[in-house]
Number of protein chains: 4
Amino acid sequence: MEKEKPVTAILRIHCPDQRGLVARVTDFIQRNNGNVVALDQHTDKIESRFFMRIEWELDGFELTKEQIAPAFQHAIATPCHMVWSLDFSDRIPRMAIMVSKMSHCLYDLLARYQGGELPVEIPIIVGNHEAMAEVAKQFDIPFHLLKITKENKAEQEKIQMKLMKDNNIDFIVLARYMQIISDDFIKAYPNRIINIHHSTLPAFVGAKPYHQAYNRGVKLIGATSHYVTADLDAGPIIEQDIIRVSHHDTPETMVQKGKDVEKIVLARAVEAHVARKTLVYMNKTVVFN
Amino acid sequence: MEKEKPVTAILRIHCPDQRGLVARVTDFIQRNNGNVVALDQHTDKIESRFFMRIEWELDGFELTKEQIAPAFQHAIATPCHMVWSLDFSDRIPRMAIMVSKMSHCLYDLLARYQGGELPVEIPIIVGNHEAMAEVAKQFDIPFHLLKITKENKAEQEKIQMKLMKDNNIDFIVLARYMQIISDDFIKAYPNRIINIHHSTLPAFVGAKPYHQAYNRGVKLIGATSHYVTADLDAGPIIEQDIIRVSHHDTPETMVQKGKDVEKIVLARAVEAHVARKTLVYMNKTVVFN
Amino acid sequence: MEKEKPVTAILRIHCPDQRGLVARVTDFIQRNNGNVVALDQHTDKIESRFFMRIEWELDGFELTKEQIAPAFQHAIATPCHMVWSLDFSDRIPRMAIMVSKMSHCLYDLLARYQGGELPVEIPIIVGNHEAMAEVAKQFDIPFHLLKITKENKAEQEKIQMKLMKDNNIDFIVLARYMQIISDDFIKAYPNRIINIHHSTLPAFVGAKPYHQAYNRGVKLIGATSHYVTADLDAGPIIEQDIIRVSHHDTPETMVQKGKDVEKIVLARAVEAHVARKTLVYMNKTVVFN
Amino acid sequence: MEKEKPVTAILRIHCPDQRGLVARVTDFIQRNNGNVVALDQHTDKIESRFFMRIEWELDGFELTKEQIAPAFQHAIATPCHMVWSLDFSDRIPRMAIMVSKMSHCLYDLLARYQGGELPVEIPIIVGNHEAMAEVAKQFDIPFHLLKITKENKAEQEKIQMKLMKDNNIDFIVLARYMQIISDDFIKAYPNRIINIHHSTLPAFVGAKPYHQAYNRGVKLIGATSHYVTADLDAGPIIEQDIIRVSHHDTPETMVQKGKDVEKIVLARAVEAHVARKTLVYMNKTVVFN
């Protein structure tokens with residue numbers, strides 16, 4: 001079904017705000033006979049910054065894929081001091097998944113993938129524990145076991161990074177991967193590592209957030225998907241959601257109830273990323289329509 | 001606080017979709033030196049229809065208020081077959097409230113109004129029951145009691161309509177007004193009468209929706225605000241929300257819990273209408289950002 | 001993990017309300033040295049009906065499994081005119097899943113099952129279409145393809161019912177099974193067939209509810225899990241939930257967004273059923289804590 | 001409407017868990033011919049603590065109001081080491097409201113009170129700013145202005161506490177009262193001062209939580225009502241809820257959207273407190289059905 005959709009170009013932009021930006025960008029596309037299928041923009045009045053995502057069909061467009069970037073750079077991006085990226089919908093992103101012992105987020109991603117809902121390729125699943133090997137096998141995806149200890153962490157991460165490189169991985173999903181990623185790894189995938197944290201950040205940073213939530217006596221628990229940065233659990237938030245709990249809940253029932261929120265919140269973030277609908281600026285994520 | 005905001009013009013448009021519409025409209029404003037403060041657009045691919053709301057500051061704009069409409073009509077609206085409206089933010093809408101016996105929606109609207117959150121004038125409150133006279137008095141708003149019986153309904157509606165006209169009413173909020181409005185009245189205020197129905201329409205149309213909900217054993221109850229049309233509870237929906245219920249709930253506790261949803265849903269709809277963010281097309285409401 | 005939990009007895013009761021019912025039931029268990037681990041009761045004041053679920057550990061209980069039912073019947077159930085059922089937590093329910101072409105609910109149930117979150121056995125998956133055969137295979141569960149046409153429906157249902165019987169099926173989950181079940185089949189599994197309907201019933205009964213929702217212009221879509229009765233989409237509701245939509249949504253995006261709600265709502269209903277927390281009375285479902 | 005309800009006694013209990021507690025308590029009431037209208041209990045397995053709320057009609061009960069407490073103490077509370085409280089539904093709680101400049105929570109409470117939804121008396125409103133004097137006047141409730149400076153704080157609090165005492169205040173609602181209450185004041189009203197904090201605690205403790213939320217780039221904002229303790233924003237949570245925000249939101253629109261959540265969350269907490277449905281243990285609040 002996804003295959004039959006017409007191929008589109010997707011432009012994501014941010015730049016200092018000024019008058020006429022929407023008109024300039026849309027004019028560029030329409031002058032070249034592009035049929036716009038999606039357009040969303042946002043002006044951050046506080047930062048005086050303009051954000052835009054525009055998607056148009058390549059069929060009939062008068063510039064070839066290769067000509068678009070230089071033409072846009074010259075005509076608009078340079079004069080407007082734009083930071084921008086250009087993607088094509090027929091370029092299927094290659095996604096790696098990293099896991100530990102829990103299966104709920106992994107299964108959810110793989111089920112969407114297998115069901116044709118998530119237009120990605122998944123060349124590898126990397127685990128620091130053998131538990132998820134069987135799930136990977138169910139879906140015929142190579143599983144790489146790289147156990148992590150204090151002693152071997154640096155070494156194992158090098159292997160992980162080589163795996164990512166060898167498999168041309170575009171972005172990485174930490175599907176309840178219970179290890180901290182080193183700065184070098186993060187720098188290699190800026191705003192391209194998506195984590196799911198099992199609390200509504202910034203509440204309950206760090207280990208065992210449901211136990212922290214239980215101890216605090218909250219009436220809501222939740223989950224946060226965010227891009228991973230060097231600061232633990234402090235990266236730009238993509239999506240959050242919650243579920244009600246009560247005095248009847250224990251840390252164990254919170255863990256159980258939380259799983260549903262975690263997997264849905266993570267999936268929504270991955271879907272937005274894959275659809276090239278996210279844009280990070282100053283530790284915040286614009287999520288376009 | 002509202003008063004200090006710069007005066008803006010607000011243009012709402014819909015027309016057959018074609019290329020370049022966003023560029024044409026934004027260009028019209030920017031060519032005349034307008035500073036755009038909000039822009040939202042939507043293309044309904046199924047109906048091939050384009051929708052747009054654009055708001056810009058009048059200060060520095062090179063057309064006077066009076067010149068905008070004819071200039072826009074000539075340059076863009078006519079060639080693009082647009083249906084459109086133009087409003088100015090310093091034109092405070094005049095809102096009438098119609099009520100029966102229940103106070104929660106009325107109080108909520110008046111509290112927002114008094115707290116400076118709802119930029120409207122409220123020249124009159126019309127009740128078909130004396131119960132709300134005292135609330136109107138608390139807020140120093142003239143209350144008109146027009147009791148309705150089968151026999152006098154047509155006559156009383158004429159008085160209501162005259163009241164609306166004499167008070168230059170722009171739009172009417174039915175804040176749990178438990179009477180059906182006649183077609184003539186509705187035609188006089190097309191998409192300008194906002195009702196709150198105490199169910200998530202189209203479930204539980206008509207009388208006593210909480211009792212219907214109780215009998216059906218639902219796990220959620222809710223409320224719907226919509227523009228009133230000739231078909232009962234079938235007008236274009238502006239906003240909906242829900243609250244959980246359980247087997248512990250009776251029709252009475254549902255009525256009580258539902259009040260909070262009703263008043264919030266109604267207020268959100270009124271706020272969207274007052275901010276000129278709604279646009280009705282084919283019995284649906286586009287609610288712009 | 002589930003396996004290590006102490007074995008419990010679970011008693012679900014309803015009867016005409018009268019004084020002292022909680023005391024009588026808890027006294028029966030405690031007199032026999034039972035350790036109550038969960039207790040929830042409800043009195044429906046409108047129907048004057050009492051509902052109760054009580055769960056206690058069998059370890060140390062002075063009655064054997066076999067003795068409990070006759071003792072309870074004699075001492076309490078008969079004098080109090082109770083309708084009741086007794087279950088033991090070490091009796092793992094046998095669940096059949098029926099599917100058509102869509103995979104999201106099926107994957108979600110199987111992932112929970114495989115992840116040890118759903119204490120059931122799943123001896124068979126029955127499909128009216130071959131699409132889900134592969135998913136069943138991934139999880140090593142026998143898949144029975146029984147295509148349905150107008151002509152063969154009665155015949156195929158007989159085979160389905162024989163399959164259920166041969167596999168000692170306790171209850172059946174219709175995981176987006178797009179066929180109407182005949183009355184005979186339903187009668188064989190009273191309150192033991194769980195369906196997921198992709199709307200917040202009673203809105204949008206019948207076919208293509210998302211298309212109906214799109215046409216009505218709603219701002220919320222949702223899902224309802226319910227026990228199947230002879231009246232289409234009118235059985236006792238177990239669980240419901242919703243997700244927001246906007247004018248940007250098409251029937252296709254509603255279908256996509258709705259999938260997440262459907263699978264979570266269905267899973268919650270199945271979990272409640274499996275934990276013996278549901279009790280149907282007069283077309284409503286009490287869902288105990 | 002409230003007045004016509006039969007008078008009930010409400011018993012709230014917690015004690016070390018042991019077998020037979022529900023039976024003992026219900027038996028005590030039913031032996032004395034009490035008609036139980038509500039019963040809810042909870043066992044905290046982690047703390048081995050039992051919690052119960054039971055409500056029964058006094059009409060026909062064989063003990064007078066005065067006899068209940070000593071009888072219960074002797075027969076059950078002492079042997080079971082219970083901490084307990086007894087209330088009667090015809091004893092209308094006297095509630096004070098403390099406010100600063102914002103009207104939304106105040107109006108919401110007063111509207112419920114005036115609408116007969118909140119069975120309390122409101123003898124006084126105390127403000128540290130004159131802004132809310134007019135609202136108090138609208139509802140004919142005495143308003144006491146006690147401006148707070150660093151220098152006069154201790155002195156003004158003494159006057160506040162005297163006001164509370166002179167007016168026989170049972171509990172105090174801080175309806176966005178932007179001052180920290182001193183420990184002495186708090187100790188005089190243990191678990192009887194209800195605050196609304198405009199974040200989902202423990203996120204964004206302290207000043208300007210919406211600005212903190214904006215800076216963190218969250219996708220949800222919320223509110224928390226809790227009993228006030230000596231630790232700022234760390235008291236036992238009664239209720240929480242959230243609302244979605246996006247990159248379009250500024251601190252100002254968050255403040256505006258948050259108001260609706262704040263007032264509803266505060267009202268739910270106050271309603272639970274007034275209905276004697278809350279019970280604090282170890283910095284957590286059990287909220288009974």
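This is a predicted model: local features need pLDDT of at least 70, side-chain atom pairs count only at pLDDT 80 or more; totals for chains, interfaces and linings use all residues.
View 1. Strand β10 (residues 220–227) of chain D runs antiparallel to β11(D), with seven bridges between them; pairing requires at least two DSSP bridges. Within this pair, H226(D) lies opposite I237(D).

**View 2. The contact of chain A with chain D.** Chain A contributes 37 residues and chain D 36 residues, contact being heavy atoms within 4.5 Å. About 2,900 Å² is buried, 52% of it from carbon and sulfur atoms; this is the accessible area (1.4 Å probe) lost on putting the two parts together, summed over both.

**View 3. A salt bridge across the interface.** R244(A) is joined to D241(D), with 3.9 Å between the closest N and O atoms. Four salt bridges are counted between chain A and chain D (a side-chain nitrogen of Lys or Arg within 4 Å of a carboxyl oxygen of Asp or Glu). On the side of chain A that touches chain D, β11(A) supplies the largest share, seven residues.

Residues are numbered from 1 along each chain as its sequence is written, and chains are lettered from A and ligands numbered from 1 in the order written. Local features need pLDDT of at least 70 and side-chain atom pairs pLDDT 80 or more, whereas totals for chains, interfaces and linings use all residues; side-chain values use heavy atoms, without hydrogens and water.

Key
Helices (H or I, at least four residues) and strands (E, at least two) are DSSP runs, numbered from the N terminus.
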